[in-house]
Amino acid sequence: MFANGGKNGATLSAKQYCRLTPPDLKVLQHPLVEDPRVGRLVLNFANAMRANGFELVNDRDSEHYRTYKEQLDYLLEKNELLFKRREGSNFFVFAKAEKGQLLVHYSNPDSSEAAFSLKRKDVVRLRRIASPRQITGVITGIIETAAKKPKDVWILETHAHWGYINLGGKLQEIRQDDGTSPDRDIIRNLIFYNRDLEATGFHCSLVAEYFEAIRLLERSVGMLKIAATELTMPIVQGLTFKNGPHHLLYFATDEVAGTIQKTILEPKSSRLPGEAPDNVVYEKTLEQLRPYVERGEVAICVAHSAGALPGILSIFDDSKEEAEREKKPYGGRTSDCGVINSVASGALELKTVLAKVREMRMAIELYNLTVPHTLVEFIKEREKEKTEFWSMIVGQRKKFRGPKDLLPSMTQPALSMAFGFEMAERYGSVLLFGSDKHSVHPMDYGTATGAGARGWNEVKSPGMPTPPGVVHALLTGTPEIRAVVFAKLKAVKADGKLVISPAIIPEREGGGFGEKLAGFWNSLQGSLLNARDLILTWLRI
């Protein structure tokens with residue numbers, strides 16, 4: 001029997017392990033072991049993984065499985081194995097039986113500059129084991145890939161949305177959020193992409209029952225859930241559609257999150273997830289949050305600083321002249337959900353934004369996958385601000401190595417990045433990658449690509465950071481948080497905090513026909529969601 005992974009506690013290499021005799025095998029409790037077609041193969045592979053520092057998360061004979069049986073049985077298929085690196089940050093390996101073979105599936109967490117030239121097959125690893133002789137090569141590849149993520153580097157997920165959650169064995173729609181995917185699909189993707197810290201939240205809401213259910217699911221595989229929300233803050237009160245700049249709030253404790261829910265997020269009369277709570281207004285609400293920030297209990301991140309809601313809701317956009325004519329409060333274009341857009345429309349002063357970022361030590365979402373590459377329209381009264389933002393773009397472009405056509409125009413992604421870099425230089429703002437995905441493709445063996453491969457945030461720490469530690473890092477940059485962005489850009493910035501891809505890697509986005517079809521379906525669902533929101537808005541009006 002093994003003790004701590006090998007004979008007498010020693011760690012064995014894959015090649016050494018494959019010479020062990022059958023009496024040294026640990027008898028695992030899992031249905032696949034009883035399968036006459038693959039049982040022996042599974043037993044050999046599982047023990048080789050144990051010998052090299054990986055534990056079987058869903059070993060039926062373990063105390064961990066008995067504690068989290070309900071959650072693990074929900075997340076994993078009956079014929080599936082999930083392995084996790086024993087020490088340090090998470091590195092996961094999925095395996096399942098198919099046609100007498102063992103399929104082994106895992107992702108490459110490499111974030112070095114060399115990672116930007118990887119092909120899809122090097123990012124999403126799928127290996128087939130048909131005989132014990134192949135185990136050595138597969139395990140060697142797993143060990144080499146796991147080493148790409150140092151054990152003291154923890155991946156932080158900061159922005160995404162949820163659709164459904166399993167409560168009492170029944171999927172329930174999360175009406176407080178506008179995601180379309182169930183918790184199982186979301187968490188399986190987080191596992192596949194080796195996440196450690198998960199700090200995503202619903203729109204303008206903190207539902208304790210939902211958070212606890214998600215936290216328990218993630219805890220069963222070794223992830224830490226941090227309470228968070230995406231708060232919409234209109235510039236003024238009295239708007240027909242209560243939209244405004246979106247900011248991400250991260251909480252050091254559940255108690256602080258509960259207090260914010262009661263004092264700021266309630267009441268909320270709107271039925272639309274993205275609309276603001278009734279009493280939330282940009283400057284007033286930030287002043288309410290200031291004491292929590294000063295005590296290190298809340299960290300704030302500017303979400304998609306240049307970002308406007310695409311789609312049908314933009315028909316509610318009002319001009320400033322129309323608002324003045326009808327004596328209505330002007331809060332900017334209805335579609336604006338980024339501070340830069342609110343500045344461009346004349347609803348918010350740039351000096352106010354800069355002061356809030358500096359005083360409240362805000363992090364900045366440098367890149368957001370959902371923001372379209374459209375130009376930000378500045379009204380004629382905001383030519384001065386437009387010139388200032390253009391200066392940011394030109395100034396940051398000069399600091400990049402590579403082609404000088406990076407950040408060539410006033411598109412939303414370009415403005416967000418230039419603004420982020422500028423805030424980091426002026427005020428020390430932490431920069432973050434934000435997925436902001438509202439739907440995920442169910443993880444399938446060989447086609448599990450998507451937002452998880454497009455970027456992430458790395459926290460370097462000897463041990464797993466706590467929620468207060470994450471909030472402190474977001475406020476101060478200590479320990480360091482490093483954004484990794486695989487984006488549609490043409491240069492590399494390597495300043496110790498950020499790496500940007502020199503070229504688009506289509507394989508990181510794409511997949512087989514099935515995934516492309518799923519992507520089409522998800523976009524269709526998004527259109528239907530917009531239509532639903534429009535109907536609800538009409539009903540409310």
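Visitor: Which residues does Phe251 touch, not counting residues up to four places away in sequence?

Guide: In this predicted model, Phe251 touches Leu206, Ile226, Ala227, Ala228, Thr229, Val256, Ala257, Ile260, Glu297, Val298, Pro467 and Val471. Contact means that heavy atoms lie within 4.5 Å. Residues are numbered from 1 along each chain as its sequence is written, and side-chain values use heavy atoms, with hydrogens and water left out. As the model is predicted, local features need pLDDT of at least 70 and side-chain atom pairs count only at pLDDT 80 or more, whereas totals for chains, interfaces and linings use all residues.

Visitor: What makes a set of residues a nonpolar core?

Guide: The set must consist of buried Ala, Val, Leu, Ile, Met, Phe, Trp, Tyr and Cys residues joined through side-chain atoms within 4.5 Å. The largest such core has 119 residues, and Tyr250, Phe251, Ile300, Phe389, Leu415 and Phe419 have the most contacts inside it. Helix α15 (residues 412-427) gives the most to this core, with seven residues. A second, separate core of 28 residues includes Leu41, Leu56, Leu81 and Phe83.

Visitor: Why is Ala299 called buried?

Guide: Buried means under 20% relative accessible area, exposed means over 50%, and partly exposed lies in between (1.4 Å probe, protein chains only). Ala299 has a relative accessible area of 0%, and therefore it is buried. Ala299 is found in strand β14 (residues 298-302); strands (E, at least two residues) and helices (H or I, at least four) are DSSP runs, numbered from the N terminus. Leaving aside neighbours within four places in sequence, Ala299 is in contact with Leu248, Leu249, Tyr250, Val471, Leu474 and Leu475.

Visitor: Why does Leu72 count as buried?

Guide: The relative accessibility of Leu72 is 1%, which is under the 20% limit, so Leu72 counts as buried. Leu72 lies in helix α4 (residues 69-75). Its C-alpha atom is separated by 9.6 Å from that of Glu218, 146 residues apart along the chain.

Visitor: Why is Thr240 called partly exposed?

Guide: The relative accessible area of Thr240 is 46%, between the limits of 20% and 50%, and Thr240 is therefore partly exposed. Thr240 is found in the loop between β12 (228-232) and β13 (246-251). Thr240 and Pro329 are 89 residues apart in sequence, and 9.5 Å apart in space from C-alpha to C-alpha.

Visitor: How do helix α2 and helix α6 pack?

Guide: Helix α2 (residues 39-51) and helix α6 (residues 135-146) pack at an angle of about 35°, with their axes 11 Å apart. Axes are lines fitted to C-alpha atoms, for helices over the stretch in contact, and angles run from 0 to 180 degrees between N-to-C directions. On the α2 side, Leu41, Asn44, Phe45, Ala48 and Met49 meet Ile135, Val138, Ile139 and Ile142 in α6. The residues of this contact divide into eight nonpolar, one polar and no charged. Here Ala, Val, Leu, Ile, Met, Phe, Trp, Tyr, Cys and Pro count as nonpolar, Asp, Glu, Lys and Arg as charged, and the others, Gly among them, as polar.

Visitor: Why should some predicted coordinates not be read in detail?

Guide: Confidence is given for each residue as pLDDT, from 0 to 100. The protein averages a pLDDT of 83, and 81% of the residues score at least 70. Over residues 401-406, however, the pLDDT is below 50, and pLDDT also stays under 50 over residues 489-541. Where pLDDT is low, the predicted coordinates should not be read in detail.

Key: pLDDT is the predictor's confidence in each residue, from 0 to 100.
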